[in-house]
Amino acid sequence: MDFNLSEERQMMKDTAERFIRDQYPIEQRHEASKSELGFSRAMWREFADLGLIGALIPPAVDGFGGTGEDIALVFEALGRGLVVEPFLATGILGASSLIDIGDKATLGAVIAGECLLALAHGEPGGRYELSHVKTEAAQSDAGWKITGLKSVVANGCRADSLIVSARIAGEVDAEEGLALFRVDPRQPGVARRTYGTIDGGSAAEITLDGAVGEPIGVPGEAYAMIERAIGRGVLAVSAEALGAMEVAKDLTLEYLKTRVQFGKPIGANQVLQHRMVDMLIEIEQVRSCLMLAASTLDLKGGEADRATRERNLSAVKHLVGRVGRLVAEETIQMHGGVAMTWEMALPHYAKRIVMIDHQFGDTDHHLERFIRFSREVA
Amino acid sequence: MDLSYTAEEQAFRDDVRDWLKECLSPRLVTKVRKAQRLTKADYDEWHSLLATREWMAWHWPTEHGGTGWTPVQKHIFEEEMAVAGAPRIVPFGVNMLGPVLIQYGTQAQKDTYLPRILSGEDWWAQGYSEPGAGSDLASLKTKAIWDGDHYIVNGQKTWTTLAHFANRMFCLVRTDPFAAKPQQGISFLLIDLDNPGIEIRPIYTLEGEHEVNEVFLTDVRVPVENLVGPENDGWTVAKYLLNYERTGIAGVGASKQALVELKRIAATERKDGRALAEDPLFAARMARLEIDLMGMEIFNLRVVAAAGEGKLPGAESSLLKIKGTQVRQEITDLMRRAVGPYAAPDLPEAFDEGWNGDAPGSDYALALARSYFNMRKTSIYGGSNEIQRNIVAKHLLGF
């Protein structure tokens, strides 16, 4: 066992954290978030130049990272800055299946910051079930045509290319019969309705009406690819939550030491000190489970590997949901009234932390999933 | 970063496991598994067994007979002891006094006492708490007064775990009642319990067991060479020891084994026509706990590894103590609830060696409520969890 980061990873972590701390002030983040695009193209290019997109992509497809550890490092740094640029949609969810099939051309453009992706997978009524796909794909002379509805697709409106899941066979909740397609969003069969999300991001409802798609991998056997993409996503947002929780904790600590009431800093009260300590412990627990999940993300042998990998991912996501809510609520409470204002940074962290519980399955969903995979591991 | 065990670490685990399987007596394992009362002879047997492999002292430098293990090896050893059903290693001599003597003891003290700790010849008790000095340890009143080449000690110690098995006690005493601060004027003395003037009285704990004691000291004569560290500077020594007391206090190995037992019980007990383990609510409670424990295990290893080889973590060990005891208590809570009404029957005789009677319910149910109540102590002893939070607030959060 070795808990130390390699020199290269330590450098990457330092670079990412320093850049985000110095070059990514929250006012600028808000401005980018509220803009038409929902993020800053200039900033995205800078992130690409720093190598932070490539750090999410494995060397086999010309990236320079892509392991669980890399993803965790990058996203913890992104979480510290509440970064709104589409790392998750493009570098994780969109890129995942392309990594699986070795599409170097597209990934090269992704790494350079020149191609934006989105994974259009979730559907109305599907909640967090990965196999819940009603969208259908049928093969005709003109190729595959896809029809269906996709919901809350992160970065769905900005993507240059959509990765769309669809069913070619089987019942609605079956793992068999799923396929992934690359879909050009600028065709008549694709309609997108975009909206901002409460945590500063953007998403879209996407209607596909006979949209033309090009298969990724073997149609009908895409479930494993979808699971891997979402697994990477779970790890990424868990790390992002950790980074955001660290900052929320630090902001609160600072506030407790400076805010004076009854003639002394409110942090002089033992009740608040103890609550901070409990929060600190739980955040360290998240970090520990995250390290575990990161270390098993790349297991891809047989069913046993899959069970271990998915079990550890669900463990950390469950904990992120549980601890995230604690941290968000406690840090707001300890700040008092000012935490209810837009002007303070803290509530924006709290919003992102809580909304992460709504991505890829909440704390209960992952507890159930943990139980299911635990039975397979045992 | 690599969270998998290396080949060497795996080989070490195999060695420990094989050795325990071969050498640990089935009689002891049965007693531990049934939570039966361990006698002094039982502990002595276990300690002597460890001594044959020179595995008694994990925390000591090798030149004093320590194992020289890495944090990961210590973790593996702790796990394997729990898996094998070994008794705990009584910590007072080897984990607490040993490191103190190595740091602060005179050469004569080291030469005299360290080998006797390793061999199990001496059984030390911890004379820290007093009736008026619990969390506020520095308010202790037991006093020691110079008389030629002796101290005369008068006072009372309490919560003295297994003092009825001990032949010696390390003790915090007040040598300067006029010191400016309560922490000053305290000294660290080694006391022979065979001395006249010492009386040990049992305290029966809430489940009716004799594990802790009161120790009364009346005009006890202690040679001045039994002073450890400078006179009136015993608080420094005391704190050094407390840090050691908290190592391993997370009890990850024991909790992991307890979780295995909880799962076994939940697989056996029935609810609504199926195993309790299949009940969604109970399964969820167990799973939450298991996730906490998974985090705890990595957290524990991280902290110990970060402290560096042979060094101790500082206030981080307080974080481990809080979370570790919470998890441990939570497990005993679920175990108690798992057996339903059969948690209630209490047969004190069932915890004597060789008991062969019939339990009203399942055998395994008998110890569960007792264990639940007994484990309440873990968030109180070794500095209550509230005191640990104070320590973290001061040293890690800068309050």
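Predicted model: local features only at pLDDT ≥ 70, side-chain atom pairs only at ≥ 80, totals over all residues.
## Ground rules

Residues are counted from 1 along each chain as its sequence is written, while chains are lettered from A and ligands numbered from 1 in the order in which they are written.

Helices (H or I, at least four residues) and strands (E, at least two) are DSSP runs, numbered from the N terminus.

## Where A meets B

Here 28 residues of chain A are in contact with 28 residues of chain B; contact is called when C-beta atoms, placed from the backbone, lie within 7 Å. On the chain A side, the elements giving two or more residues are α8 (270-296), α9 and α11 (363-377). The top contributor is α8(A), with 13 residues. By class, that side of chain A has 16 nonpolar, nine polar and three charged residues. For those classes, Ala, Val, Leu, Ile, Met, Phe, Trp, Tyr, Cys and Pro are nonpolar, Asp, Glu, Lys and Arg are charged, and the others, Gly among them, are polar.

Now for one helix pair across the two chains. The axes of α9(A) (residues 303-335) and α9(B) (residues 280-307) come within 10 Å and cross at roughly 100 degrees. Axes here are lines fitted to C-alpha atoms, for helices over the stretch in contact, with angles from 0 to 180 degrees between N-to-C directions. That angle makes the two helices roughly perpendicular (65 to 115 degrees; under 35 is roughly parallel, over 145 roughly antiparallel, and the rest oblique). From α9(A), Ala315(A), His318(A) and Leu319(A) meet Ile291(B), Met294(B) and Gly295(B) of α9(B). That contact has four nonpolar, two polar and no charged residues.

## Helix α7 of chain A and its partner

α7(A) covers residues 223-258, and its axis comes within 9 Å of that of α10(A) (residues 346-355), crossing at roughly 150 degrees. The pair is therefore roughly antiparallel. Among the residues that meet are Ala241(A), Ala244(A) and Leu251(A) from α7(A), with Tyr349(A), Arg352(A) and Ile353(A) among those from α10(A).

How far apart are the end C-alpha atoms of α7(A)? They are 52 Å apart, which agrees with the 52 Å that its 36 residues should span at 1.5 Å a residue (the expected span is 1.5 Å times one less than the number of residues). α7(A) is also mostly covered, with 27 of its 36 residues buried. Buried means 20 or more other C-beta atoms within 10 Å of a residue's own, exposed 12 or fewer, and partly exposed in between, with C-beta atoms placed from the backbone.

Lys150(A) sits in strand β3 (residues 143-154) of chain A and counts as buried, with 29 C-beta neighbours inside 10 Å. Leaving out residues up to four places away in sequence, its contacts include Glu123(A), Thr135(A), Val164(A) and Ile206(A). Val164(A) is 14 residues from Lys150(A) along the chain, and their C-alpha atoms are separated by 8.5 Å.

Asp199(A) is in the loop between β6 (190-196) and β7 (202-220) of chain A. Asp199(A) is buried too, with 20 other C-beta atoms within 10 Å. Beyond neighbours within four places in sequence, Asp199(A) is in contact with Lys351(A), Arg352(A) and Met355(A).

Notes: Contact = placed C-beta atoms within 7 Å.
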